[in-house]
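Hi everyone, thanks for coming. Let me put the model up on the screen, and then we can walk through a few spots together.

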Amino acid sequence: MRLNNKVAVVTGGASGIGRATAERFAREGARVVVADKNHLAAIEVAQRIGQDSMAIAVDVSDSKQVQSMIREAHERYGRIDILINNAGFGIAATVVQTDEEDWDRLMSVNLRGIFLCSKYAIPVMAAGGGGAIVNTGSYTAVVGIAGRAAYVASKGGIVSLTRAMAIDHVGQNIRVNAVAPGTIASPYFDAIFANSDDPVKLRATLEARAPMNRMGRAEEIANAILWLASDEASFATGSVLTVDGGTSIW
Ligand SMILES: NC(=O)c1ccc[n+]([C@@H]2O[C@H](COP(=O)([O-])OP(=O)(O)OC[C@H]3O[C@@H](n4cnc5c(N)ncnc54)[C@H](O)[C@@H]3O)[C@@H](O)[C@H]2O)c1
C-alpha cells in the first residue's frame, strides 16, 4: 500500500494510461479523483475502483473548469498529495499539414492543461506539506518522429516544463517528474486501428518501433508513474523516466 491515505488527481483518468494509473493507485491505497472530459467513462472508472474515489468532468484546457475541479477535490478530501497530468492527444500531421486551429487545440490540452492543473493544485499541495506531480510526456520528445509535429512539440514542452516546475517548487517539498512512454496499446490506438485499411500491417509497424518488438501495456506505464509518485522516488525530481521497450535507444 504505497499510497495509503494519499489523495491523487489523475487527468485523462477515464481511459488508457490514466485509467490504468487510477486503478493501480487505488490498489495502493490512494483515494483517486478520476478527472476527464468524458464524464460517463470517468464515473465508470471511479465506481469500479471504489476506495472512496470520485469522478469529475473537466476539460483541462479550460481554466474555470480546472479551478472548480481542484476546489471540488480539495473540499471532498481536504488535501491533494499527487497530481498526474496525463490528459492529452495526438494529431498525425507535419507542420505544413497541421491546421492552425488544430495546433492551438492540441497545445491547449497537452501543454496548457498541465500548466493550469499544476497552477491550481500546487498551492493546495504546498498547504498540505508537499506532494508529487507526474506529467505524461513521450519518448518522441527525445527522438522525434515523422508526421506528428504539434504532438512532438507539446511533449518537448512538457519535458522542459517538468524541469522548470521541479526547480521552482522544490522548496515546497513538491517533486515534479515526467514519464516518457513508448508506443502503448490504448483506446487511442484502437480507434486508429479501426480506421486503418490494413490494421494488421499497422500493428506490426508500431510493434517494430521497439527492440522488444511489441507495444507496451498501459499498466507498464502506470507502474512507472506509481514509482515516481510514491515516496520510493523521494530523491527524484526533474527527471524523465523513459519506458519505451528500448525504442529511443536504436
Ligand atoms: N498511447 C501511447 O502510445 C502514448 C505514448 C506516449 C504518450 N502517451 C500519452 O499518454 C497520455 C494518455 O494517452 P492514452 O494513450 O492513454 O490515450 P487515451 O485516448 O486512451 O486517453 C486519454 C484520456 O484523456 C482524456 N482527455 C483528452 N482531452 C482531454 C481534456 N481536454 N480534458 C480532460 N481529459 C481529456 C480523454 O477523454 C481520455 O479519457 C497522453 O498524454 C498521451 O499523449 C500515449
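Let's start with Val32. Setting aside neighbours within four places in sequence, Val32 is in contact with Ala8, Val10, Ala22, Phe25, Ala26, Ile49 and Ser53, where contact is two C-beta atoms, placed from the backbone, within 7 Å. Before I go further: this is a predicted model, so local features need pLDDT of at least 70, side-chain atom pairs count only at pLDDT 80 or more, and totals for chains, interfaces and linings use all residues. Residues are numbered from 1 along each chain as its sequence is written.

Is Val32 buried or exposed? Buried, because 31 other C-beta atoms lie within 10 Å; the cut-offs are 20 or more for buried, 12 or fewer for exposed, and partly exposed in between, with C-beta atoms placed from the backbone. Val32 sits in strand 2, residues 31-36. Helices (H or I, at least four residues) and strands (E, at least two) are DSSP runs, numbered from the N terminus.

Now, helix packing. Helix 1 and helix 10, residues 218-229, pack at about 55° with axes 8 Å apart; axes are lines fitted to C-alpha atoms, for helices over the stretch in contact, and angles run from 0 to 180 degrees between N-to-C directions. The two are therefore oblique to each other: under 35 degrees is roughly parallel, over 145 roughly antiparallel, 65 to 115 roughly perpendicular, and the rest oblique. Among the residues making this contact are Phe25 of helix 1 and Leu226 of helix 10.

Finally, the ligand. Helix 1 (16-27) and helix 8 (187-194) each supply at least two residues of its shell, and helix 1 gives the largest share, 3 residues.
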